[in-house]
Amino acid sequence: MTFYDEIGGHETFVRLVAVFYREVALDPVLKPMYPEEDLGPAAERLTLFLVQYWGGPTTYGETRGHPRLRMRHMPFHIDPDARDRWLQHMRTAVDEIGLSPLHEATLWDYLERAAYAMVNTFEPSGIGPAAAGRPTLETRSGQE
Ligand code: HEM
């Protein structure tokens, strides 16, 4: 029995991520970061990642490869404000899906640590990675 099974499998992660992106869609700082206007594909990627992380099917890895999450987030300006907004929406989502206290604490502990690890700038927006068309860490090699 994995954590994935214990909390209700795929359907529970779908509900979690649906609430999360419902909130992201209303967030004036986070929403503009998403390259696609439609948040559906991003929701699908996050769902499959979390499913895999917690012991469910490995569809994420089969379609996206190694997560390399820090690297994949480098193009985005993730300062403490963005992190706190991300966590606030996750908090709403975790509360809405109604897990047992132990499951909730386990999931939250992970999400909080992961979000802190994703911070890649302490500069105000406009100065950090990918700001105002500047090259990102991913696109910079050979150009400077
Ligand atoms: C701390 C604040 C965070 C911000 C502002 C943020 C923002 C973003 C953005 C803008 C994308 C691109 C959307 C897409 O095309 O998929 C993305 C992708 C993704 N994020 Fe985050 N993220 C944050 C934290 C996290 C955390 C903590 C996790 C994991 C627990 C995570 C997991 C993912 C995954 C799995 C993808 C898709 C990666 C791929 O396969 O391309 N993110 N995120």
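Author: A residue is called buried if 20 or more other C-beta atoms, placed from the backbone, lie within 10 Å of its own, exposed if 12 or fewer do, and partly exposed in between. The model is predicted: local features need pLDDT of at least 70 and side-chain atom pairs count only at pLDDT 80 or more, while totals for chains, interfaces and linings use all residues. Residues are numbered from 1 along each chain as its sequence is written.

Reader: What makes Val 51 a buried residue?

Author: Val 51 has 21 other C-beta atoms within 10 Å; the term asks for 20 or more, so Val 51 is buried. Val 51 belongs to helix H3 (residues 40-53). Leaving aside residues up to four places away in sequence, Val 51 touches Tyr 4, His 10, Phe 13, Gly 56, Pro 57 and Tyr 60, where contact means C-beta atoms within 7 Å. Phe 13 lies 38 residues from Val 51 in sequence, yet their C-alpha atoms are 6.8 Å apart.

Reader: What is the secondary structure of the protein?

Author: The protein has seven helices and zero strands, both being DSSP runs numbered from the N terminus (helices: H or I, at least four residues; strands: E, at least two). Of its 144 residues, 18% are buried. Among contacts between residues at least 6 apart in sequence, 72% join residues at least 24 apart.

Reader: How do you know that the span of helix H6 agrees with its number of residues?

Author: The expected span is 1.5 Å times one less than the number of residues. For the 18 residues of H6 (residues 80-97) this gives 26 Å, and the end C-alpha atoms are 26 Å apart, so the two agree. Just after H6, Gly 98 has a positive phi of about 60°.

Reader: Which residues of H6 are buried, and what covers them?

Author: The buried residues are Ala 82, Trp 86, His 89, Met 90, Ala 93, Val 94 and Ile 97.

Reader: Which residues come nearest to the ligand?

Author: Of the 21 residues around the ligand (C-beta atom within 6 Å), Ala 42, Arg 45, Phe 49, Trp 86 and Ala 114 come nearest. H3, helix H5 (69-73), H6 and H7 each give two or more residues to this shell.

Key: Contact = placed C-beta atoms within 7 Å.
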